Amino acid sequence: PDVLFATIEPPTETAITGKGCLIQARLCRQKKKTQGEANATAISNLLPFMEYELHTQLMNKLKLRGMNALFGLRIQITVGENMLLGLASATGLYLTALPSPGGIQVAGKTPSDSSYEQHISNIQKKINEIIIKNRELYEINPPVVDKEIPDEVLGSPIPEPRQHSKLFRSHSESSDDVSELDLSHGKKDAFVLEIDDADAVEDIHSLLTDAPTPSGFYSCNTEIMPGINNWTADLQMFTSVRVFRLNNVTSLTSQGLNKAFSDLCENLLKSLYFKLRSMVPCCLCHVNFNVALPEDELIQVAVTAVAITYDKNQAQDMTKNITDKTLLRASADNEEQLQFTLELCSETQSAQLFSPSKAAGFTEGSNSQPVTPAAQRVASLDKASPLAEGHIRHRSATSCTNSTVTVVEMTPLSFIPGAKITKYLGIINMFFIRETTSLREEGGVSVFLHSFIAEVFAMVRAHVAALGGNAVVSYIMKQCVFMENPNKNQAQCLINVSGDAVIFFREADLECSSIQPQANVLQTGSGGGDVTT
């Protein structure tokens with residue numbers, strides 16, 4: 001295939017050139033306010049065209065970035081009383097195994113007009129400049145194939161019948177019109193955008209109005225950004241909700257609605273880049289958009305993601321792929337998967353499971369009686385309580401980081417970079433409802449939603465800490481229903497979140513905690529006496 005669309009994560013063994021980026025297709029269409037079968041008929045008539053236009057936008061933006069594959073594709077279509085919203089998000093990549101994508105060529109329908117031709121050439125020039133800039137930005141430098149070697153020796157990755165010109169247009173045309181255009185771009189065919197109606201102009205506008213990502217930022221909706229291997233332990237999860245009210249929806253055109261919705265999503269991303277500017281260089285991973293239409297003229301967009309920093313100056317080890325999930329995720333044993341710890345567990349089993357000798361390669365003394373350090377003995381005594389495990393880990397961490405409070409990490413990823421999950425404590429599924437009758441006095445909708453989401457985070461962290469965990473993975477906000485009545489100064493909001501409560505430790509903390517037991521062994525071995533604690 002020339003282009004690959006997939007809903008899965010990028011396979012770790014796939015050869016990828018350069019880095020990826022977040023690609024979104026946004027669409028907003030009006031609908032008559034009807035009920036019953038007439039409403040179902042109106043929705044059914046709009047859905048096929050919306051899916052086609054979303055696919056066309058994704059293809060256009062993928063070509064504009066010089067890439068040939070999409071992963072993590074997620075399409076959401078929201079139905080309201082008088083309009084439909086479509087949002088498709090994916091991570092664009094350049095797969096080395098696929099053919100190099102061709103350029104984008106703009107074709108006009110009335111070439112006799114000189115001013116129209118000048119307008120077409122200006123758009124074409126701007127598109128070519130954007131493609132070159134994107135290739136430099138995302139470091140897309142595919143290997144160059146020697147042109148002197150014939151195709152019979154190299155082997156063409158595409159069968160001969162598929163090398164004919166393919167045109168993706170906003171309307172169907174006859175085969176005679178297709179054969180008249182010669183739009184070959186090297187060995188690959190160019191992607192054609194024909195400006196023939198208002199929809200085509202809207203496609204061009206959506207192509208050229210996407211704001212570029214600021215320097216030092218990358219974004220993707222997959223768990224890990226391909227092409228970045230030197231991740232650090234600094235991560236920050238965030239959730240942002242924005243409510244936008246449209247004025248006179250019935251008087252707006254399709255282009256006006258689409259532009260308002262696109263600007264809403266773009267401004268939300270820009271605000272995230274601005275607030276996270278202190279973490280540069282960083283990557284926004286697992287960017288998950290959720291769109292809702294709570295009322296006739298309200299558009300609500302909620303986004304959840306995690307910002308992970310990476311070391312730009314660190315040398316990357318090409319032989320070790322850190323993006324492999326087997327190195328980043330926890331591989332806990334079967335007996336450690338119990339949600340509730342058995343109270344009558346033996347002391348020897350607990351010492352084997354949580355001893356520093358098992359985790360950090362700790363060597364015991366040469367005496368016939370095994371040496372048990374103080375930290376190991378305390379861990380064996382406190383094994384019956386999952387909360388005590390957190391205290392032991394907290395004590396070992398304080399000796400290195402001088403931290404006084406154990407912070408419960410929250411991430412939408414299924415793993416924590418640079419850490420190992422030792423135990424899963426179960427799923428967290430919580431509902432929160434908040435209402436107010438003094439919305440203006442509290443600061444308006446923004447302050448109300450901000451304080452409510454902050455309280456949700458605090459209660460989730462407190463619940464996980466009470467279970468003895470220190471992290472929440474696979475966090476997701478399933479529902480965020482907001483309703484307001486400005487006339488009565490009232491507002492209500494319902495939030496449903498879920499995730500997995502886990503216990504994890506970082507390798508740096510483990511190495512630091514194993515220094516003290518080794519020092520105790522050296523001191524007792526030099527004295528020649530028995531070890532007593």
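## Getting to know a predicted model

The protein's accessible surface is about 27,800 Å², with 53% of it belonging to carbon and sulfur atoms (areas by the Shrake-Rupley method with a 1.4 Å probe; for residues, only the protein chains shown count as cover). This is a predicted model, where local features need pLDDT of at least 70, side-chain atom pairs count only at pLDDT 80 or more, and totals for chains, interfaces and linings use all residues. Residues are numbered from 1 along each chain as its sequence is written, and side-chain values use heavy atoms, leaving out hydrogens and water.

Biologist: Is Ser262 buried or exposed?

Modeller: Ser262 sits in helix H6, residues 254-275 (helices, H or I, have at least four residues and strands, E, at least two; both are DSSP runs numbered from the N terminus). Buried means under 20% relative accessible area, exposed over 50%, and partly exposed in between, with a 1.4 Å probe and protein chains only. Ser262 has a relative accessible area of 15%, so Ser262 is buried.

Biologist: Which strands stand at the edges of the sheet?

Modeller: Four strands form an open, mixed sheet in the order E9-E11-E12-E10 (two strands pair if DSSP finds at least two bridges between them). Each edge strand has a single partner strand, so one side of each is left without a neighbour in the sheet: these are E9 (217-219) and E10 (231-245).

Biologist: What is the bridge partner of Phe217 in E11?

Modeller: E9 and strand E11 (residues 282-292) run parallel, joined by three bridges. In E11, Phe217 has as its bridge partner Cys282.
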